[in-house]
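Me: I am new to this structure and would like to learn how to read it. Could you take me through some features, one at a time?

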Amino acid sequence: MITSFLALEPAYWQSTIFKLLMAFVAVLLPAGGTVYLYLFKMVSFMQSRLGPMEAGPYGSLQLVAELGKNLQKEDLIPAKADRFVYAAAPYVVLVSTFLLVLVIPFGPDATFADLDTGVFFALAVTSVSVIGILMAGWASASKYSLLGGLRAAGQLIAYELPLVLAVVGVVIQAGTLNLQGIVSAQIDGQIFGWGGIGNPFILTQFIGFFIFMVAVQAELTQTPFDMPIAESELVAGYMTEYSGFRFLMFFIGEFATANIFAFLASVLFLGGWSIPPFIADALFADGNYSNIMNFVGPLIMGGKMLVLTFIIYWVRFTYPRFREDQLQKFAWKFLIPLALVNIAVTGLLKVVFE
Amino acid sequence: MAFGSGLVKGLGVTFKEITKTVTKGAETVQYPHQKEDPAPRARGVIALHEGNCTSCMLCVRECPDWCIYIEGHKELAPPRRAGGKPRQVNKLDRFDIDYGLCMYCGICVEVCPFEALFWSPEYEYSEPRIADLLHDKTRLSQWMETVPDFETYEAGSEAKVLKVPR
């Protein structure tokens, strides 16, 4: 725990409360930041306008205004809706987001849970949101919601596979499912005997990185994979009937998950919280910098997350939407075979070089 | 054309637009603080020059939305020359345009044979209550101040440039 650096020995309940608070910070702070920075501002710049400018300096408090607006709205439940399932669905989606952040390492000790099967856990809990979306689509008692929910389920299951298979290459190379282990494998790695920048797996697993980012885009149901939401034909897909706070939860779930996938991608492919070893060696002669990294690490992770979410939103607001059959074809006929070939080649090279 | 080159090009377009907006500013203006100048003959609001109106009702009949309401009566005016017959003139009792209905087609302005209606480029007259969008003849006459002069036609044109009555 970070607190050991402050010479504190927190009791179990203290560290649990601390972790709980930090989980909210780790989910909501990046979500708010990227929504303002990218969803409000960058997209406006792409369309040659300035975006929100009135709330706060340069519109920076716009999110607070949106929050206030959504909290005041009436919480509508359709008359024929399955009330319990309808009300529970946004929580299920949001829970999957919070479960996902648990295994992300933000520093040598700054993790919520250092699981030995961290990658497996992360990829497993992403599937929970599918259940939430199906619940929302089914329980809304609306044709738009049902179609959106079914499309989302089909898409999320189709793109779960390339997501998992893309990570397998990294796991083979690192030789561990532990996310901390993957980070240290990248720090200790060498490029042809030179360990100056470690070996970020994006260099060897660039195909895996590409597949991962495409699959993430689809998992988030962001354009070009936003067939489940498709506002021109399905109103808002599975979110059609939701309003007020429940809609806000879907909204937070969507954009917070984008950040957490970006965190995950930066752990798997970009070296996570580490700084390149040649800089670390120059700064910390004794080679023991793990205490400082517990504080610098989250910032580095934040920087990498900003770069990756920039790509996610950049793609999102550049491309038009895939048709449903194109979308399925792209997953099953292109991404999955490519990922399998990538795994085979990685495995072969692993055997050859070691 | 390599596979995927169009995708890269697309990303380039949006990125170029970002840098353009950041470095050179946006194409839009921040409305309540800054205002765009409307084109000189922009169709903002219709102004009425009351003195020219004879309540002939042509505009009322031609209006596709039936948003103009005119009521008038005849009055006797003193004769032009001494000893002559008193003249009969039309007096406007009511000239309303309901901008809640108006679709800004401009047929009334076109059709007016006495040059009583003019386009003004003013556009800031929205109201919280829809009934307040009914402009009566005092309000319509006030818009006359904002009517710009007609532009001179291009060289060689034989049409006379109209003058806006002030």
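**Reading the model step by step**

Reply: Happy to! In chain B, 66% of the contacts with a separation of 6 or more join residues 24 or more positions apart. Please keep in mind that this is a predicted model.

Me: Which helices and strands does chain B have, and in what pattern along the sequence?

Reply: Start by counting elements, then read their order. Chain B holds four helices and five strands. Followed along the sequence, they come as α-β-α-β-β-α-β-β-α.

Me: What is the radius of gyration of chain B beside that of a compact globule?

Reply: The idea is to set the value of the chain beside the one for a compact globule with that number of residues. For 166 residues such a globule would be near 15 Å, whereas chain B has 24 Å.

Me: How much of chain B is buried?

Reply: Buried residues are those under 20% relative accessible area. They make up 29% of the 166 residues in chain B. The chain exposes about 11,500 Å², and carbon and sulfur atoms supply 55% of that area.

Me: Is B:Ala26 buried, partly exposed or exposed?

Reply: Look at its relative accessible area. B:Ala26 has 24%, so it counts as partly exposed, since that class lies between the 20% and 50% limits. You will find B:Ala26 in the loop between α1 (5-24) and β1 (45-48) of chain B.

Me: Which residues does B:Ala26 touch?

Reply: Leaving out residues up to four places away in sequence, B:Ala26 touches A:Ser48, A:Arg49, A:Leu50 and B:Thr21. As for B:Gln142, 116 residues separate it from B:Ala26 in sequence, and the two C-alpha atoms are 35 Å apart in space.

Me: Now a helix, please. What span does α10 of chain A reach, and how many of its residues are buried?

Reply: Compare the end-to-end distance with the expected one. Helix α10 (residues 244-269) of chain A has 26 residues and reaches 37 Å from first C-alpha to last, close to the 38 Å expected. It is mostly covered, with 22 of its 26 residues buried. Just after this helix, A:Gly271 takes a positive phi of about 90°.

Technical notes: Residues numbered from 1 in each chain as written. Chains lettered and ligands numbered in written order. Predicted model: local features only at pLDDT ≥ 70, side-chain atom pairs only at ≥ 80, totals over all residues. Heavy atoms only, no water. Helix = DSSP H or I, 4+ residues; strand = E, 2+ residues; numbered from the N terminus. Rg over C-alpha atoms; globule rule 2.2 N^0.38 Å. Buried < 20%, exposed > 50% of the residue type's maximum accessible area, 1.4 Å probe, protein only. Contact = heavy atoms within 4.5 Å. Areas by Shrake-Rupley, 256 points an atom, 1.4 Å probe, with all protein chains shown as cover. Expected span 1.5 Å × (residues − 1).
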